[in-house]
Amino acid sequence: MATTQARGGRPLNILLVRVSSLGDVLHNMPMVADIARHFPDAHIDWVVEEGFVSLVRMNARVRKVIPFALRRWRKSLGKAETRAEIKDFFRTLRQQEYDYVFDTQGLLKTGIIMGAARVAKGGRKVGLANGSEGSGYEGISRIFHHLSVPTDPRTHAVARGRIVAGAALGYAVDTPADFGLPAVPDDTPRPEWMPASYVVLFHGTARDAKKWAPENWIALGRELAPMPVLLPWGSPKEKAEAEHLAASLPNARVLPKLSMADAIMVARRADLVVGVDTGLVHIAAAFVRPTVEIYADSPRWKTEGNWSPRIINLGDQGTPPSVADVLAAARSLLG
């Protein structure tokens, strides 16, 4: 096993550029474990949207997280303080010379970040040669690459980044996905709103077509009684939806507005997670919590949890699962 590949025998310096969204950032994490397995001395940094910094920092193999705040900056580009923040971001980005820079998002904005990063002599900037079916891939991003790695258009979201890194660094991707996420210590304090045992229903998502019908959630929640059901939300609309569900469930609790760290904690401590195709459901699956993933209007092959028997994927694009199917999966996971 090689431990170094950089000039002078020093450890490799590697930068990952994957800024958003929550699920996509999560699905990029197994790249870190792969690189560390083959190059255990490598220094791995990551550029990510500021809202997802707490997730990436959970991975102990990431040396430095560089926050990127485009979602906030573009609302105030005329302000001097915003321009100063952008300048500071690029200054921080360029402090380190990298041997490899990987852009696994394939957008113009991530290509610009890659383009601005400094590479050591002989260093390489590597990205995707093409997108997957239905992705927002932007071919112009390739102008920043030294190497563009092709993948099958139906490659799973977790596999794409792993394939790109393996092709550049010369190793085969032949192990199960390792997200590098830590277990929850038994003595970690719980917020007052978190029961000792509970089911969490991630019912909300930005696109209405991906949702499961409210009557389905109500039927499921009633069947899971008396186990407490937690209902998180991320917008006023989702809060109203959660309150509607809770009004018909004797065992449900609408959660307060959660930080990203608290939302992750809800997923990683649940006895059972049931949810639609959304980032926090994928986080639960990455922590290998008992998880039922519901697909209603997105292709299952793209993001389904396929690394543990504790994850059950139901439905597919245009064919959401029945309550009976979800309930049977939930009961099997609860034992």
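The model is predicted, and local features are reported only at pLDDT of at least 70, side-chain atom pairs only at pLDDT 80 or more, while totals for chains, interfaces and linings use all residues. Residues are numbered from 1 along each chain as its sequence is written, and side-chain values use heavy atoms, with hydrogens and water left out.

The protein is divided into domain 1 (13-169) and domain 2 (199-334), bounds that come from an automatic or database domain assignment. The centres of the two domains, taken over C-alpha atoms, are separated by 29 Å. In domain 1, 19 residues are in contact with 16 residues of domain 2, where contact means heavy atoms within 4.5 Å.

Empty space was examined next. Rolling a probe the size of a water molecule over the atoms shows where empty space is left. On a 1 Å grid over the protein atoms alone, a pocket is an open set of points with protein on both sides within 12 Å along at least five of seven lines, whereas a cavity is a set of points where a 1.4 Å probe fits but cannot get out; lining residues have an atom within 4 Å of a point. Grid points are joined across faces, edges and corners, and a volume is the space filled by probe spheres set on the points.

The largest pocket holds about 1400 Å³ of space. Both domain 1 (13-169) and domain 2 (199-334) give residues to its lining, so the largest pocket lies between them. Its lining comprises 50 residues, of which Ser21, Leu22, Gly23, Asp24 and Lys210 lie nearest the centre of the pocket. By class, 15 of the lining residues are nonpolar, 23 polar and 12 charged; here Ala, Val, Leu, Ile, Met, Phe, Trp, Tyr, Cys and Pro count as nonpolar, Asp, Glu, Lys and Arg as charged, and the others, Gly among them, as polar. At least two lining residues are supplied by each of α1, α7, α10 (260-269), α11 and α12 (300-303), and α1 gives the most, with 4 residues. These labels follow DSSP runs numbered from the N terminus, with helices (H or I) of at least four residues and strands (E) of at least two.

The count of cavities of 30 Å³ or more comes to 1. The largest cavity contains about 60 Å³ of space. Its lining consists of Arg18, Asp24, His27, Asn28, Met31, Thr104, Ala157, Val158, Arg160, Gly161 and Arg162, with 3 nonpolar, 4 polar and 4 charged residues by class. Helices α1 (22-28) and α7 (157-169) each supply at least two residues of this lining, and α7 gives the most, with 5 residues.

Several features of the backbone were also noted. Most residues other than glycine have a negative phi, and most peptide bonds are trans. A cis peptide bond, with omega of about -10°, joins Ser20 and Ser21; Ser21 is placed in the loop between β1 (13-17) and α1. The peptide bond from Ala225 to Pro226 is also cis, with omega near 10°, and Pro226 is found in the loop between α8 and β8 (229-231).

In helix α11, 8 of the 8 residues are buried (under 20% relative accessible area, with exposed over 50% and partly exposed in between, for a 1.4 Å probe and protein chains only), so α11 is largely enclosed by the rest of the structure. Just after α11, Val288 takes a positive phi of about 55°, although Val288 is not a glycine. Val288 lies in the loop between α11 (279-286) and β11 (291-295) and is partly exposed, with a relative accessible area of 27%.

Two further residues were examined individually. His145 lies in the loop between β5 (118-128) and β6 (147-149) and is buried, with a relative accessible area of 12%. A polar contact (a pair of N or O atoms within 3.5 Å; within protein, one must be able to donate a hydrogen and the other to accept it, and residues adjacent in sequence count only if both atoms are side-chain atoms) joins the side chains of His145 and Ser148 at 2.8 Å. The side chain of His145 also reaches the backbone oxygen of Ser141 at 3.4 Å. Pro214, by comparison, is found in helix α8 (residues 214-224) and is partly exposed, with a relative accessible area of 38%. Not counting residues up to four places away in sequence, Pro214 touches His244 and Leu245.
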